[in-house]
Amino acid sequence: MIRRTRLLRAIVAAGVLAAGSGCAYYNTLYNANLKFDEAQDIKRRADPERPKITNQEERLYDEALEKAAKVVKYHPGSKWVDDALLLMGKSAFEKGEYATANRKFQEILTLYPNSDLATAALLWKGRTDIATRDYTAGVEALRRATEKEGKKFRPDVRYFLGVVSEDTGDEEEALGAYFDILKNYRKSEWFADAGMRAGALCEERGEYDRAIEAYERVWKKAGLPEDRYRAGMHKGDAQIAVGDWRGARKTYRQVGKGATDEEDRAEALVKVGKALASGGQWEEAESTFLDVIQRFPRREAAAQAQFEIAAKSDHDGDLETAIAQYDLVKEQGTGHPAWQEASARMTEIQRVIDLRTELAEEDVTEPERKRFLLAEQLLENIGDVDAALAEYDRLAVDAAGTEWGSRARYAEAWVLEHRLDRPDSANALLFRLANFDPHTEVGKAARLRLGYPVWNAEDIEEQVEFIRPAGQEDQTIDVVVNRVNPVDLPLPPGEAEVKVWVRVTVGENGEPTAAKVAKSAGEPFDTAALDAARASSYLRPDQGGPPITVVQYVWPLPASRQAAGADDEPSAAERDAMLNAAPNSSVAPGLSGAAADSTNMTSAPGTASALPDSAAVQPTPRRVPPFDPKAGLRDRDFDSATGD
């Protein structure tokens, strides 16, 4: 509208209505401006966050662009060509056709550098460059506009420089620009936008007091009622965010009273009800929702009000009442978003009701699995964490010692850690699974979560028969005939002792045919131990030696042991300690007593090296990623959890 007044006066002075076709382009351009302004009026009253303009707006911008193009095409010598070019560029910009818009603004600057529209063209060019993220060109155009008419376009330039700062991450500079406009340029067309941008940016930064201040200024001082309504609602939302229920309720009421649109008044009243409910005043909230339903039937606000009533019963765990209340939402119209949400919620609640009904029957099949599914449904789809946790716990107790009992206990630990932020309580449950159920898939997953090693046990089909000379059956025999001690190595900082176990397979001649580290201490100790084990010789199996034995090497090497060639095999006490190692040890946990007796020993009975065959007990060879309960133990198979 920069030259609308001048254009209108020219049309009237020239007697356009009686002048015939000679001045037709005046009328054409005037009507083009009317179409553009009509589209802008629709835009100002629309949701600023909408994804695209309406078909009506697009049609009006097209008409404005086409009419302005006729002036340029058929009257290229007219003094209104620069007006027409500017209008064409603005219409293209509003449609999102930025290349066309930039070209038209540049035509003005190139063909009409002395036009009084050159500054406006620079401003619009800067906006176009910013919209396409060409910030350097955009800032340069804004700078040139300021040099031409700095005072007149100062708020425009200040606003768009703020947009550039925000887009490029300079939040303080952006907020400085926006608040400058709020304080000093109330009549600027960017006043409301600056306030809304400032409020949103402050909320993102957690600065709710500044956000409320920005929204307050727009709410009180913006020229358009749509801008005032929008800012007031955002102010109430910011007050809710900081727990100021009373202040939010008051704001929403005032916004609703000042709204010019009936839908806006209804929406504000729903917000009043939500603020009352959030502040613990449910009876007043429910009364407000019912008032909305009565006063604004079959409107989106009425559907939302009914949804809030249903959600209260849902939140309280009264699912039967909730499903009936959700069903009432459709009475306000099935095209509203509230009905779509209510319909989906009803489906999830019905699944819980059906499972509970089925579990109440006497001849229910797979009750443990269905109880587990019920807990899953309560947790994931209903969102009732407390009810789900209680269901898991009851199942873990009732089905203790079974797969579903273990799964339920693991799921309970997951909920405690990830939903209730109680990692210590979760670890206590995982510790129980890891130590009292260590060989099941759930127990292995628990050990992984706690960082314990996972051991796989295999049965040895063939029994080993040991041969002893007559009269020596009960004597202890050293299975290492010719011992080679490892090289002496310095201990790692902070370590007082280092131990390595080597599993040796002995051939018929007593020489090792294979050697493998069964308990590692890391390089270079593993290498030294393997070298020593391979260089040693062992009691032949036909002379009573075991075909597989475990040799222990300990650093530092005692001088007496090195000199005398003392036996490095673990003592009976050491062996028992190894077999009953703590969960964070590298030895298979819990293999003592009956468990140890049930494991086939491959060393000579009664010898100091009688450790379990590492084919029977050995660490899982590959790393397993951290366990994801939603992809594994909560109701999926367990094969991937153990690294088998």
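**Figure 1. The largest nonpolar core of the predicted model.** In this predicted model, the largest nonpolar core comprises 55 residues. The members that touch the most other members are Ile130, Tyr159, Phe160, Tyr178, Phe179, Phe289 and Val292. Leaving aside residues up to four places away in sequence, phenylalanine 289 touches Val270, Gly273, Lys274, Trp282, Ala305, Glu308 and Ile309. In soluble globular proteins, nonpolar side chains tend to be buried together.

**Figure 2. The crossing of helix 17 and helix 19.** Helix 17 spans residues 300–315, and helix 19 covers residues 337–359. The axes of the two helices come within 8 Å and cross at roughly 25°. Because angles under 35 degrees count as roughly parallel, helix 17 is described as roughly parallel to helix 19. The crossing is left-handed. Helix 17 contributes Glu300, Ala303, Gln304, Phe307 and Asp314 to the contact, while helix 19 contributes Pro337, Ala338, Glu341, Ala342, Arg345 and Ile349.

**Figure 3. Two arginines with positive phi in loops between helices.** Most residues other than glycine have a negative phi, and most peptide bonds are trans. Arginine 133 has a positive phi of about 65° and lies in the loop between helix 7 (118–131) and helix 8 (135–149). The relative accessible area of arginine 133 is 59%, so this residue is exposed. Arginine 298 likewise has a positive phi, near 60°. Its place is in the loop between helix 16 (282–295) and helix 17 (300–315). With a relative accessibility of 54%, arginine 298 also counts as exposed.

Figure 4. Strands of a sheet pair through backbone hydrogen bonds, either parallel or antiparallel.

**Figure 5. Strand 3 and its two partners.** Strand 3 consists of residues 498–506 and is mostly covered, with seven of its nine residues buried. Its antiparallel pairing with strand 6 runs over eight bridges. In this pairing, lysine 499 stands opposite valine 554, and tryptophan 501 stands opposite glutamine 552. The antiparallel pairing of strand 3 with strand 4 runs over six bridges, and here arginine 503 faces lysine 516 of strand 4. Strand 3 and strand 4 form a hairpin with five residues between them. Glycine 510, in the turn of this hairpin, has a positive phi of about 90°.

**Figure 6. The buried faces of strand 6.** Strand 6 is mostly covered, as eight of its eight residues are buried. In a regular strand the side chains alternate between the two faces of the sheet. From strand 6, Ile548, Val550, Gln552 and Val554 point one way, whereas Thr549, Val551, Tyr553 and Trp555 point the other way. Residues of both sets are buried.

Figure 7. Glutamate 523 and proline 524 are joined by a cis peptide bond with omega about 0°. Proline 524 lies in the loop between strand 4 (512–519) and helix 25 (525–535). Proline 556 is located in the loop between strand 6 (548–555) and helix 26 (559–564).

Note on methods: Residues numbered from 1 in each chain as written. Predicted model: local features only at pLDDT ≥ 70, side-chain atom pairs only at ≥ 80, totals over all residues. Heavy atoms only, no water. Core = buried A, V, L, I, M, F, W, Y, C linked by side-chain atoms within 4.5 Å. Buried < 20%, exposed > 50% of the residue type's maximum accessible area, 1.4 Å probe, protein only. Contact = heavy atoms within 4.5 Å. Helix = DSSP H or I, 4+ residues; strand = E, 2+ residues; numbered from the N terminus. Pairing = 2+ DSSP bridges. Axes fitted to C-alpha atoms, helices over the stretch in contact; angles between N-to-C directions. Parallel < 35°, antiparallel > 145°, perpendicular 65-115°, else oblique. Left-handed = near helix turned anticlockwise from the far one by under 90°.
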